[in-house]
Amino acid sequence: MLRRAVTFALLTVILDLYWCYDQDYIPQRRPIYLESEVGSYVVFNCRLDFPLDTPIPYVLHWNKDGKNVFSWYDGVLSASDNFVGRINLLDHEYGPMGKASVNLTALRESDSGWYQCKVIFPNRTPNTRGNGTWFHLTVDGRHNLLKVPPINLTVTEGEDAFFHCTLKHPDTSRIKWWQRGVLLTDIPHVKSRSIITPDGNLRISPTTMSDIGEYFCEITDDLRNEKQLARAYLNVQYKAKVIYAPPEVYLPYGQQAILDCHFRANPPLTNLRWEKDGFLFDPYNVQGVFYKRNGSLFFSKVDDSHAGIYQCQPFNDLGTDGKSPLINVVVQHPPTITVKPKPVYIHKLGDTVEMSCDARDTKGLHRPHIYWTRKDGVALPYDRSSSHGGNLTIEKIVESDRGIYQCSVTNEAATVTADTELLIETLSPRPPFNLTANSTDTKITLRWIPGSVARPSITYIIWYRLAEAAEWRTLKVPSRHSMEATVNNLEPGKEYEFMVLGQDSYGDGIFSKAFRYFTKPRDFKDAQHYRDPIQQFAQIGPPRNLSVDQTPDGNYLVTWDPPEYGKDLLKIYLVRWWLEPKHTLHGTAETRQTQYHVSQLDEDELYIFQVFSLSISDYEAGSNEFEIYVPPYRRMRAIAIGTAAGLIFLLIALLVFVYMRRKWFDSIQNSTEKMSH
């Protein structure tokens, strides 16, 4: 054991001597001369031939004119008063610079002089070797108006901030202070807390979080006809605090939602705690609720259990400024139109029309926002139209008022619409719109939405031609109630152009917008091997995998997948459903989600659902159609109740019959016994 201890001690001494002498830090023996200007910076490049994290204890000293101005020991930095905040050890990875190099910023004329980089080994004799590396710094102050320029500051909120901007010639110089490019005298909340001393320095007392930013002083010397600017940054640190909390927040039922905590923190946020109804709310223990990176709550699918009173409390390294005010979270159900406008309003020129519309949310607790628009995008006549309680009134009707109007009912959950048409007697029908199609190799099936939703007397004519041909052909739609037609005997793999024209007793209407579509090629096998040529100029793909399922509460959930391409151009999804077999439009809705709740479908009816993706340039692409039949639940319940009542009646009648028969037999038996006696 003794031999092992002696050997270890000798190795330690040899290693120490190797670090102290053979790995000395001073490769530069000649002085290094540096020059810079007032307010600029300078780097003193002092090299070490051993790493800063060496196990041998040492102290790094920087002296100026024989006085210590900067020291490093065991990871702790210290600087004299005149150098605090201006001198720092460079990062170990700072380019080719030595590991003992320092950066001196916001130079002053008084910084001129001799500097020495020196390493001291406190546990060694001798503790130094040589005189270290010498630097001579010259700071050019010939055009300098400042004796002491400002430096960057970091303070805690409530403390004073003091910026130097000491004038070199106070008798002939004037000074102005700016914050983020605005004079301090023009910022009331800073002016009331700031003082500019006679020699030009600025004191802000006390500081607040809003004081963070860049400050600079502007010195003007009229005698020397010179001007100078000096900049510095103020960093105010404060406890994490809530800066805003809405008294009420609405979350859309059945959809994704985010509950934000609006806070500010400097240093950055370290933790954020939520409370619900006075108890700690931990999303890790609540299914479907997650923390976002900024501490907000993310609800993957909002339900009624998420309603309540919430509070958030942010924390950082300095602590917390307290909880937020109470936030009342209301789960907003999709709206339901309780009063629908008539399908059509027919009036004469000069009449006044009032279109009715009213709505509530599904639970009837809140009234959603109701507004009217025209589906063709034309603005309502501001001088002849007014809206009261959801009803739209148009006075002194003119020919241009003819068209389809839409009542939109919206809340945080969804937007539901109801359409009506204003017709003027003796005027022709409006053009169809939203043409869609599908095809085989020899035929194309065309669908459209009627421009006049309530004129049963309208007949439609399809005009079509090859895209490169000049001659048009026509096809009359046999049924006035049909909003689709199939054009046969077409050429495979060709592009065709279509227009739809409506006619009634008043004459021809206006053609729809031209619509182009391709037939499939002969060798077409399946969708995986063929991309419709229309996509070469389509802006967005159709929604995919549309399906409709009944929910436990008796409503219907429409779901779909996003388009395969063009998702970045998506403006909104349009959900439409038709009542079959007449194919009458029963309802429409708009949403940005990939699902939508539909309620109040009529029983014993067949519906067709389709979802359209609408691009930012109003290009539409339709999904597959989905049929769903709503059983006659009320009739089935009535039959079940009637059957049950009939069975109960028969059972009671049987019991009465048995009881009366038994009583009759008992009376006969008693009479027989009396006669025998």
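**Reading the model feature by feature**

Tutor: Let us begin with N225, which lies in the loop between β18 and β19 (226-244); strands (E, at least two residues) and helices (H or I, at least four) are DSSP runs, numbered from the N terminus. Before going on, note that this is a predicted model, in which local features need pLDDT of at least 70 and side-chain atom pairs count only at pLDDT 80 or more, while totals for chains, interfaces and linings use all residues. Residues are numbered from 1 along each chain as its sequence is written, and side-chain values use heavy atoms, with hydrogens and water left out.

Student: What is the phi of N225, and is N225 buried or exposed?

Tutor: The general idea is that most residues other than glycine have a negative phi, and that most peptide bonds are trans. N225 has a positive phi of about 55° although it is not a glycine. As for accessibility, buried means under 20% relative accessible area, exposed over 50%, and partly exposed in between, computed with a 1.4 Å probe on protein chains only. N225 counts as exposed because its relative accessibility is 69%.

Student: Where is N489 found, and what is its phi?

Tutor: N489 is found in the loop between β42 (484-487) and β43 (495-504), and its phi is near 55°, again a positive value in a residue other than glycine. With a relative accessibility of 73%, N489 counts as exposed.

Student: How many disulfides does the structure hold?

Tutor: A disulfide is read here as a pair of cysteine sulfur atoms within 2.5 Å, and by that reading the structure holds four disulfides. With the bonded cysteines counted along the chain, they follow the pattern 1-2, 3-4, 5-6, 7-8.

Student: Which parts of the chain does the pair of C46 and C117 tie together?

Tutor: The sulfur atoms of C46 and C117 are 2.0 Å apart, and the link is left-handed, with -75° about the S-S bond. C46 lies in the loop between β2 (42-44) and β3 (59-64), whereas C117 lies in strand β8 (residues 113-120), so the pair ties together parts that are 71 residues apart in sequence. Both C46 and C117 are buried.

Student: Is the link of C261 and C312 left-handed or right-handed?

Tutor: C261 is joined to C312 by a disulfide with an S to S distance of 2.0 Å, and their link is right-handed, with 75° about the S-S bond. Since C261 lies in the loop between β21 (257-259) and β22 (262-266) and C312 in strand β27 (residues 308-316), the pair ties together parts 51 residues apart in sequence. Both C261 and C312 are buried.

Student: Where do C357 and C407 lie?

Tutor: These two cysteines are joined by a disulfide, C357 to C407, with an S to S distance of 1.9 Å, and the link is left-handed, with -75° about the S-S bond. The pair links distant parts of the chain, with C357 in the loop between β31 (353-355) and β32 (358-361) and C407 in strand β36 (residues 403-410), 50 residues apart. C357 counts as buried at 1% relative accessibility, and C407 counts as buried at 0%.

Student: Which residues does Q406 contact, and what joins Q406 and D419?

Tutor: Contact means heavy atoms within 4.5 Å, and Q406, which is found in strand β36, is in contact with several residues beyond its neighbours within four places in sequence, including Y371, W372, D419 and T588. A polar contact is a pair of N or O atoms within 3.5 Å; within protein, one must be able to donate a hydrogen and the other to accept it, and residues adjacent in sequence count only if both atoms are side-chain atoms. The side chains of Q406 and D419 are joined by a polar contact of 3.1 Å. Q406 is buried, with a relative accessible area of 10%.

Student: Where is the place of T588, and which residues does T588 touch?

Tutor: T588 has its place in strand β49 (residues 584-591) and counts as buried at 8% relative accessibility. Not counting residues up to four places away in sequence, T588 touches Q406, V416, T417, V575, R576 and W577.
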